[in-house]
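Please study the sequence and the model before reading each solution.

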Amino acid sequence: MRFLIWALIGYCIYLMFKGRARKEVEAAKPAGEETYKDPVCGTYVTEDDAVIGRVEGERVYFCSMECLEEYRDKLEHKG
């Protein structure tokens, strides 16, 4: 019975930290500005801060030149 109580307490603590982490991620996004997800590392960037590449005529937004170069390298090795 004690194990069940401790497991329940542990699960509640886990949910608390999980919720706090989600709020921090949402707070990291600029309010009111459109953001784009970097396809390499998953970072959200605004158009003003992004490094913009073109793939088949479409704009792709990156957080850095390193991510853009890594993306291009992956495309070259695929096809």
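Helices are DSSP runs of H or I with at least four residues, numbered from the N terminus. The model examined here is predicted.

**Exercise 1.** State which helix holds Ile5, and classify this residue by its accessibility.

Solution. Step one: Ile5 is found in helix 1, which covers residues 2–28. Step two: a residue is buried under 20% relative accessible area and exposed over 50%, with partly exposed in between. Step three: Ile5 has 45% relative accessibility and therefore counts as partly exposed. Step four: Ile5 belongs to a nonpolar surface patch, together with Met1, Leu4, Trp6, Ile9, Ile13, Met16 and Phe17. The accessible area of this patch is about 950 Å² in total.

**Exercise 2.** Carry out the corresponding analysis for Glu76.

Solution. Step one: Glu76 lies in helix 2, residues 65–78. Step two: its relative accessibility is 60%, so Glu76 counts as exposed.

**Exercise 3.** Describe the protein chain as a whole: its elements, its burial, its contacts and its surface.

Solution. Step one: the chain contains two helices and four strands, arranged along the sequence as α-β-β-β-β-α. Step two: of its 79 residues, 16% are buried. Step three: consider contacts between residues at least 6 apart in sequence; 19% of these join residues at least 24 apart. Step four: the accessible surface of the chain is about 6800 Å², and carbon and sulfur atoms account for 55% of that surface.

Methods. Residues are numbered from 1 along each chain as its sequence is written. This is a predicted model: local features need pLDDT of at least 70, side-chain atom pairs count only at pLDDT 80 or more; totals for chains, interfaces and linings use all residues. Side-chain values use heavy atoms; hydrogens and water are left out. Patches are made of residues with over 30% relative accessible area and no salt bridge: like charges are joined within 9 Å, nonpolar side chains (Val, Leu, Ile, Met, Phe, Trp, Tyr) within 5 Å. Accessible areas come from the Shrake-Rupley method with a 1.4 Å probe; for residues, only the protein chains shown count as cover. A salt bridge is a side-chain nitrogen of Lys or Arg within 4 Å of a carboxyl oxygen of Asp or Glu. Buried means under 20% relative accessible area, exposed over 50%, partly exposed in between (1.4 Å probe, protein chains only). Contact means heavy atoms within 4.5 Å.
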